[in-house]
Amino acid sequence: MIEIKNLHKTYQKNEVLKGIHLTVNTGETLAIIGSSGSGKSTLLRSLNLLETPDEGTITIDDFSFDAKNINRTVRSEARKRATMVFQNFNLFENKTALENVTEALRVVQKIPKKEADAIGEEYLQKVGLLERKDYYPTALSGGQKQRVAIARALALKPKVILFDEPTSALDPELVQEVLAVIKKVAKEQVTMIIVTHEMDFARDVADEIAFMDGGKIVEVSPAKEFFTNSKNERVQQFLANYLAQFSYSI
């Protein structure tokens, strides 16, 4: 379970997170949506302390920490439990797909190379890329790079996987292959929090939707209810604008 209480983050004089309260149950998928600049990515990055919040508490499974008392040990423990999949992949260009998956297993978890390689191959198989295990990132498509990044996250067996706009850096024809892998992971009841602008994907894969606006969460509801029966005026406006844009693009 993930529990966030009264989370605040300010950059200079710009308050980006304004007292976030949020709970995600074990095995559930939460999609966070909202307009650009609403604080979605900052919230996500605060969970594994890529961003250091100013105030508030975060609990991930059996580990809780307070924003006022963060040190190297706290960062390490948070990142063991919450692994990030970035929009720009963040792969090591000088390492093969397999080496990218196994690097943290060997260096951080101190797993012997033979065992780490076996784990890496297992998870590359899960994302459909075992035959590309010896390829370097320069020889992979954007969709394949993101699938390697997902395999890397899964191999660490974290308590939660955080996805920050996992398809935003991809060409449109590559988006579906990545979304298909994330859907497959969701069916295995891996706890996931996904910041996304893919509304259809959010509706299909998420158990719940959180809508952020102006640094606050203004609604959390089951996915189907969110898209069909939201009573929040700001949510209704956002969805209407999205549908209008979609209709125009057709």
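Reader: How should I read the numbering and the values?
Author: Residues are numbered from 1 along each chain as its sequence is written. In this predicted model local features need pLDDT of at least 70 and side-chain atom pairs count only at pLDDT 80 or more, while totals for chains, interfaces and linings use all residues, and side-chain values use heavy atoms, with hydrogens and water left out.

Reader: Why is the pair of F63 and F65 called tilted?
Author: Rings of Phe, Tyr and Trp (its six-membered ring) pair if their centres lie within 6.5 Å; planes under 30 degrees apart are stacked, over 60 edge-to-face, and the rest tilted. The centres of F63 and F65 are 5.7 Å apart and their planes stand at 35°, so this pair is tilted. The structure holds 4 aromatic pairs.

Reader: What makes F211 and F226 a tilted pair?
Author: Their rings are 6.4 Å apart, centre to centre, with 35° between the planes. Ring pairs also link F211, F226, F227 and F238 into a cluster.

Reader: Why is F211 called buried?
Author: Buried means under 20% relative accessible area, exposed over 50%, and partly exposed in between (1.4 Å probe, protein chains only). F211 has 0%, so F211 is buried. F226 is buried too, with a relative accessible area of 0%.

Reader: How do you know that R203 sits over the ring of F227?
Author: A charge sits over a ring if NZ of Lys or CZ of Arg is within 6 Å of the ring centre and within 35 degrees of the ring normal. The charged end of R203 is 5.1 Å from the centre of the F227 ring. Likewise, R132 lies over the face of Y135, at 4.9 Å from the ring centre.
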